[in-house]
Amino acid sequence: MTKFTFTEKKDTRSGFGVGLHELGKKNPNVVGLCADLTGSLKMDAFKKDFPERFFQVGIAEANMMGIAAGMTIGGKIPFTGTFANFSTGRVYDQIRQSIAYSDKNVKICASHAGLTLGEDGATHQILEDIGMMRMLPGMTVIVPCDYNQTRLATIALGEHVGPAYLRFGRPSWPIFTAPDRPFTIGKADKMIEGKDVTIFACGHLVWNAIEAEAKLTERGISAEVINIHTIKPLDVEAILASVQKTGCAVTCEEHQINGGLGDCVAQVLARFNPAPVEMVAVNDSFGESGTPTQLLKKYGLGPENIIEAVDKVLKRKKKG
Amino acid sequence: MSQQPDFDRLKKLASQIRRDIVRMVHACQSGHPGGSLGCTEYFVALYFHIMKHDPKFNMDGKGEDLCFLSNGHISPVWYATLARAGYFDPKELSTFRFINSRLQGHPATHEHLPGIRVASGSLGQGLSVSIGAAQTKKLNNDDRFVYVLMGDGEQQEGQVWEAAMYAPHHKIDNLIATIDVNGQQIDGPTEKIMSLLDLKAKWEAFGWIVQAFDGNKIEEVVKGLENAQKLAKKGKPVMNLMKTEMGYGVDYMMGSHKWHGVAPNDEELKKALAQLPETLGDY
Ligand SMILES: Cc1ncc(C[n+]2csc(CCOP(=O)(O)OP(=O)(O)O)c2C)c(N)n1
């Protein structure tokens with residue numbers, strides 16, 4: 001299998017910006033809406049080349065969600081852009097009624113998710129959004145791992161029909177997947193094959209999982225790394241097949257321990273094939289100001305925390 | 001439509017739809033008769049004279065006028081109107097709010113009821129949605145109108161004012177919005193619960209063209225909506241302040257907020273029906 005390394009770093013939001021611009025060229029029905037964060041969301045290229053299909057909403061996220069829902073009537077495919085906090089918590093009821101329950105083809109695109117937006121602090125660091133969005137019936141939830149995959153996910157959403165949430169981030173991050181690596185919504189991406197433990201990760205933490213895997217290999221532990229870029233619909237088969245082989249799992253996400261990827265995996269295993277699970281996630285607390293690296297370390301989301309979780313789960317597996 | 005309306009027919013429709021409303025809420029012993037009865041002329045005027053629309057419903061409604069109901073709790077009047085306009089068999093009105101019905105307590109698309117394009121019930125969202133639909137009509141070079149109705153109590157929702165700001169800024173001039181100004185909401189008169197003060201001045205200050213008319217005189221409603229079409233397409237959205245009486249047409253339901261969301265009992269139903277001639281046959 002491929003060895004994952006990187007030569008370049010870029011923010012995942014830029015992958016969204018490029019993907020949206022490509023979609024704009026391909027599909028005249030794609031429209032963009034933004035709530036006074038065009039630069040932060042990297043929507044400027046789309047705005048520049050398709051001004052008649054770009055709508056500045058001002059600082060009014062609830063209105064933006066409603067307008068997006070309405071624009072689908074008559075065949076437009078709206079992509080809304082704002083920070084993850086204001087894309088979800090701020091407008092949950094609007095999304096619930098006007099988009100999800102009404103089955104509208106709106107793509108909710110959310111940047112600055114998780115701790116790694118850094119210095120702005122906890123008011124902006126949403127760590128509950130995956131949980132909120134995956135609880136909505138019919139909502140597709142995608143959390144890509146790097147610049148290239150965010151671009152591919154954005155383009156895939158142009159073809160996908162139905163409400164969807166796309167979560168990405170602010171910091172410069174290793175680009176470790178190939179620009180043409182296959183990406184299919186709902187299909188887990190096995191990055192590294194292994195036999196002792198399965199590490200399930202999403203978003204930025206896929207890279208941390210890959211780093212952890214290299215160190216585990218040095219210690220003679222064979223870890224399988226699976227990128228669950230689509231939280232919903234969840235690739236249940238891939239999860240069960242892997243854990244059937246390895247017998248235990250570690251989940252990694254830049255999200256609360258409640259409601260996110262860890263809960264998804266634990267639910268599948270508890271229902272269909274009980275196995276020990278350890279979770280690398282924020283432990284029921286708010287974040288704070290700091291650099292992304294400092295924050296990932298302080299809140300226990302680094303490669304060293306993944307290794308610790310692997311050691312723990314392996315011990316539990318043996319006992320079992 | 002420009003031909004002279006048959007007001008006699010419209011009045012007969014209104015009477016029948018009012019019967020439908022009180023019978024629907026009576027049957028399930030829940031729902032919102034007050035606002036429904038107050039807005040009956042509005043729906044009759046829209047669906048039987050003003051709008052170009054096709055009861056063979058399709059979601060996109062290209063080349064048609066679109067109707068949205070933001071104050072979704074007055075679903076009985078919309079359902080009864082849609083049924084009488086041929087969107088579905090009036091017999092289905094008997095399923096309102098019962099299990100396995102397409103006629104949900106509040107309007108929904110989930111059960112694919114013809115005529116409904118978005119769910120509503122959580123107040124404050126419909127104006128935004130209708131702005132989006134109007135914007136798509138512009139992008140599609142579709143010159144038909146989008147109509148949306150809101151409640152006056154609903155004006156207390158902040159999102160309404162986000163939408164109020166957006167529409168003139170983006171020159172959404174194919175949008176004809178209406179507020180049901182009945183002066184009532186659940187807990188009492190709007191001016192006691194949370195004063196709306198001068199709605200005309202407020203909407204004008206936000207950049208809308210505002211007019212007012214009597215919402216319980218069918219002639220006035222038709223005239224008002226026809227005039228709204230003339231005011232539209234000039235760079236600004238249009239707002240109708242439609243004065244109505246909650247519970248209009250049933251004497252004991254009028255004059256207070258009491259019948260906002262209460263169903264009549266058997267006795268009360270009889271009293272109500274005695275005041276509303278059956279004109280097209282009950283479902
Ligand atoms: C967001 C939201 N908050 C509260 C309610 C509960 N509610 C339903 S109708 C209503 C009063 C609405 O008043 P108004 O818009 O004047 O309608 P009317 O009473 O005239 O029918 C309220 C508070 C709701 N449906 N949605």
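A:Asp49 belongs to helix H2 of chain A, residues 44-49; helices (H or I, at least four residues) and strands (E, at least two) are DSSP runs, numbered from the N terminus. The model is predicted: local features need pLDDT of at least 70, side-chain atom pairs count only at pLDDT 80 or more, and totals for chains, interfaces and linings use all residues. Residues are numbered from 1 along each chain as its sequence is written, while chains are lettered from A and ligands numbered from 1 in the order in which they are written.

**A:Asp49**
- Apart from neighbours within four places in sequence, A:Asp49 is in contact with A:His21 and A:Gly24 (C-beta atoms, placed from the backbone, within 7 Å).
- A distance of 39 Å separates the C-alpha atoms of A:Asp49 and A:Val225, which are 176 residues apart along the chain.

**Helix H1 of chain A**
- Helix H1 (residues 12-26) has 15 residues and reaches 21 Å from its first C-alpha to its last, close to the 21 Å expected at 1.5 Å a residue; the expected span is 1.5 Å times one less than the number of residues.
- Eleven of the 15 residues of H1(A) are buried, including A:His21 and A:Gly24.

**Nonpolar core**
- The largest nonpolar core has 185 residues, and among those touching the most other members are A:Leu166, A:Ile199 and A:Val310; such a core is a set of buried Ala, Val, Leu, Ile, Met, Phe, Trp, Tyr and Cys residues joined through C-beta atoms within 7 Å.
- Helix H3 (residues 40-50) of chain B gives the most to this core, with eight residues.
- Leaving aside neighbours within four places in sequence, the contacts of A:Leu166 include A:Ile108, A:Ala153 and A:Leu157.

**Interface and ligand**
- On chain B, 29 residues are in contact with 22 residues of chain A.
- H5(B) gives the most to the side of chain B that touches chain A, with ten residues.
- The ligand is surrounded by 20 residues, the closest being B:Gly35, B:Gly151, B:Gly153, B:Glu154 and B:Gln185; a residue is near a molecule if its C-beta atom, placed from the backbone, lies within 6 Å of it.
- Helix H2 (33-38) and strand S4 (184-185) of chain B are the elements that give two or more residues to this shell.

Technical notes: Contact = placed C-beta atoms within 7 Å. Buried ≥ 20, exposed ≤ 12 C-beta atoms within 10 Å, placed from the backbone.
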